[in-house]
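Please take a look at the structure below.

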Amino acid sequence: MTTLNERRRSGVSMKVSGNDLFVTAMKKEGVDTIFAYPGGMVVNLLDALHDCHGIDLVLPRHEQGLIHAADGYARATGKVGVCLATSGPGATNLVTGIATANYDSVPLVCFTGQVATNLIGNDTFQEIDIVGVTRNIAKFVIVVRKREDLNRLIKEAFYIARTGKPGPVLLDLPKDVMAELGSDEYPEEVNIRGYKPNTKPHHGQILRAMNMIYDAKRPLFLIGGGAKIAGAQEEMCKLMETLKVPVVTTIMGRGI
């Protein structure tokens with residue numbers, strides 16, 4: 001009888017719970033820190049994370065502190081901040097932090113527990129439509145309703161959070177979906193039909209911007225956080241010194 005590791009080495013797909021797949025996904029995404037607060041709908045997920053080596057679990061005193069800590073981690077390291085909270089009040093306590101990350105373009109992936117899928121919409125204890133609550137203050141939000149979609153959606157969540165204009169993504173995880181067995185395979189690539197962020201500058205837009213600068217009688221650069229996210233500090237300094245244009249910054253652009 002083959003062991004678990006032998007089957008993995010042989011390339012044989014295995015059936016694992018959504019909770020165990022979550023741990024695999026975090027490792028694949030290079031996550032080393034998760035800010036998490038326990039609760040009924042995520043207790044089994046935290047059990048799976050408890051035995052995981054290489055991922056630090058940071059326990060706050062409140063979910064709002066949790067997401068602001070994840071936000072600070074992302075700003076300081078440049079990595080995606082990851083947080084985990086339970087359903088209902090645990091999820092709603094993340095709202096201010098999600099909005100902050102959205103307006104400041106901070107890459108976060110927020111996982112919230114949810115009641116079983118057959119109980120959603122039935123006024124169940126600590127059940128809330130967190131997707132509806134956060135739809136307008138996050139880059140992408142979704143309820144994972146099928147176990148076979150979990151692998152792909154976690155991969156897409158990290159991709160959406162860190163690419164293009166960075167921002168927060170929320171995945172709502174029903175308890176029954178996370179307990180269900182499914183494939184242990186984790187995608188290597190992402191192909192989202194409706195999401196194709198630009199990775200190269202548009203030559204025509206650059207020419208248009210330069211013409212506007214040359215035609216301006218009193219040009220002024222207002223530099224925001226996007227220049228910092230793009231790592232364009234040296235380029236901006238060279239441009240300003242060449243054109244001799246005065247500069248002001250937004251709060252997020254300070255230090256550029």
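What covers the buried residues of helix H6? The cover includes helix H4 (63-77), strand E5 (108-114), helix H7 (130-134) and strand E7 (168-174). These elements touch by contact, meaning heavy atoms within 4.5 Å. Helices (H or I, at least four residues) and strands (E, at least two) are DSSP runs, numbered from the N terminus. H6 itself spans residues 95-104, and its buried residues are Gly97, Ile98, Ala99, Ala101 and Asn102. Buried means under 20% relative accessible area, exposed over 50%, and partly exposed in between, with a 1.4 Å probe and protein chains only.

This is a predicted model: local features need pLDDT of at least 70, side-chain atom pairs count only at pLDDT 80 or more, and totals for chains, interfaces and linings use all residues. Residues are numbered from 1 along each chain as its sequence is written, and side-chain values use heavy atoms, with hydrogens and water left out.

**After the helix**

Ser105 follows H6, and its phi is positive, near 60 degrees. Ser105 sits in the loop between H6 and E5. Why does Ser105 count as buried? Because its relative accessibility is 11%. Leaving aside neighbours within four places in sequence, Ser105 is in contact with Lys165, Pro166 and Ile229. Gly226 lies 121 residues from Ser105 along the chain, yet their C-alpha atoms are separated by 8.2 Å.

E4 is mostly covered, with five of its five residues buried. Gly81, Cys83 and Ala85 lie on one side. Val82 and Leu84 lie on the other. Which strands does E4 run parallel to? Five bridges join E4 to E5, and these two run parallel. Two bridges join E2 to E4, again in parallel. Two strands pair if DSSP finds at least two bridges between them. Gly81 stands opposite Leu108 in E5. Ala36 stands opposite Leu84 in E4.

**The nonpolar cores**

In soluble globular proteins, nonpolar side chains tend to be buried together. A nonpolar core is a set of buried Ala, Val, Leu, Ile, Met, Phe, Trp, Tyr and Cys residues joined through side-chain atoms within 4.5 Å. The largest one here has 37 residues. Phe22, Met26, Ile34, Phe111 and Ile154 touch the most other members. Elements giving two or more residues to this core include helix H2 (18-28), strand E2 (33-36), E5 and helix H8 (147-162). H8 gives the largest share, seven residues.

A second, separate core has 23 residues and includes Tyr73, Cys83, Ile98 and Cys110.

On a 1 Å grid over the protein atoms alone, a cavity is a set of points where a 1.4 Å probe fits but cannot get out, and a pocket is an open set with protein on both sides within 12 Å along at least five of seven lines; lining residues have an atom within 4 Å of a point. Grid points are joined across faces, edges and corners, and a volume is the space filled by probe spheres set on the points. Ala, Val, Leu, Ile, Met, Phe, Trp, Tyr, Cys and Pro count as nonpolar, Asp, Glu, Lys and Arg as charged, and the others, Gly among them, as polar.

| Space | Volume | Lining residues by type |
|---|---|---|
| Largest pocket | about 380 Å³ | six nonpolar, four polar, one charged |
| Largest cavity | about 70 Å³ | five nonpolar, four polar, one charged |

Helix H10 (residues 203-215) gives the most to the pocket lining, with five residues. That lining includes Asn198, Lys200, His202, Met210 and Leu239.

How many cavities of 30 Å³ or more does the structure hold? It holds one. H3, E5 and H9 each supply at least two residues of the cavity lining. The lining includes Asn19, Asn44, Leu45, Thr112 and Met178.

Asn19 belongs to helix H2. Asn19 counts as buried because its relative accessibility is 9%. Leaving aside neighbours within four places in sequence, Asn19 is in contact with Asn44, Leu45, Ala48, Met178 and Ala179.
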